[in-house]
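The sequence and the model are shown below.

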Amino acid sequence: ATCTGILGVRGGWIRNSLQPARGFSTKEMEFTTTPEERAEAAKMRQGSGGKSGASDPGISQKKTSASASEEAVKSLILSQFPAVEIDADHKQKYVLIQVKADGLTNPIHLVRGRKWASYHKDVAGPTLEKIRMCTNVPGIRYSVRGGGRILHDSQRPAIEIYGYSYGFPWEGDKYRHDISAKLCEAAYPGYEIIHINDSSLGLY
């Protein structure tokens, strides 16, 4: 089930679960951003595929055309870019990436989280580069909508989604962890998915 942390007790659950007693040191919760990192992230925020001469052995060789059905285009994209890729049993920085392409009426969203990432740009980088190298989806392009933190606990099992990114601030200060929550719910059936769509916790 998907729950929102804005509703009282859920917000309390998220607060409690992020205390150092859960195994995360206070140092882990300190801000980790620099002017240089924010400037680099801003340059990465939008881009498109079809880089000249690019090839990636991990990308399917299937071809599509402008006349392909929307479902076929969606399937082709998701076969190369899974909707959710996060690390297990760890608190991690995450980003929400929006993908558009010729033939798509509605954009596709991708959730990416990595426990080793120092910055949100480090989380986004590999997927954004793969999109830029993609040559078999006409008109493919991306934008990073925002980011925050994900706490993945397979023992509960639950996923908590919250916070924000200095490198990829939410456009118009409109948090969309709800989109990430729906994707995680589909990717992790049987988990409780909790999200909070504001900055009331003050968590980066």
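## Helix packing and nonpolar cores

Helix 2 and helix 4 pass one another in a left-handed crossing, in what is a predicted model. Packed helices are described by the angle between their axes and the distance between the axes. Here the axes of helix 2 and helix 4 come within 10 Å and cross at roughly 25°, and because this angle is under 35 degrees, helix 2 counts as roughly parallel to helix 4. The residues that make the contact are listed by helix in the table.

| Helix | Residues in the contact |
|---|---|
| Helix 2 | Glu37, Glu40, Ala41, Met44 |
| Helix 4 | His120, Lys121, Gly125, Leu128 |

By class, this contact of helix 2 with helix 4 comprises 3 nonpolar, 2 polar and 3 charged residues.

The largest nonpolar core has 24 residues, and those with the most contacts inside it are Ile77, Ile97, Val99, Val137 and Ile140. At least two residues of this core are supplied by each of helix 2 (35-44), helix 3 (70-80), strand 4 (90-100), strand 5 (108-114), helix 4 (120-132) and strand 6 (141-153), with helix 4 providing the largest share, 4 residues. A second, separate core has 17 residues, among them Leu96, Val111, Ile150 and Cys184.

Definitions and conventions:
Residues numbered from 1 in each chain as written. Predicted model: local features only at pLDDT ≥ 70, side-chain atom pairs only at ≥ 80, totals over all residues. Heavy atoms only, no water. Core = buried A, V, L, I, M, F, W, Y, C linked by side-chain atoms within 4.5 Å. Buried < 20%, exposed > 50% of the residue type's maximum accessible area, 1.4 Å probe, protein only. Axes fitted to C-alpha atoms, helices over the stretch in contact; angles between N-to-C directions. Parallel < 35°, antiparallel > 145°, perpendicular 65-115°, else oblique. Left-handed = near helix turned anticlockwise from the far one by under 90°. Contact = heavy atoms within 4.5 Å. Nonpolar A, V, L, I, M, F, W, Y, C, P; charged D, E, K, R; others polar.
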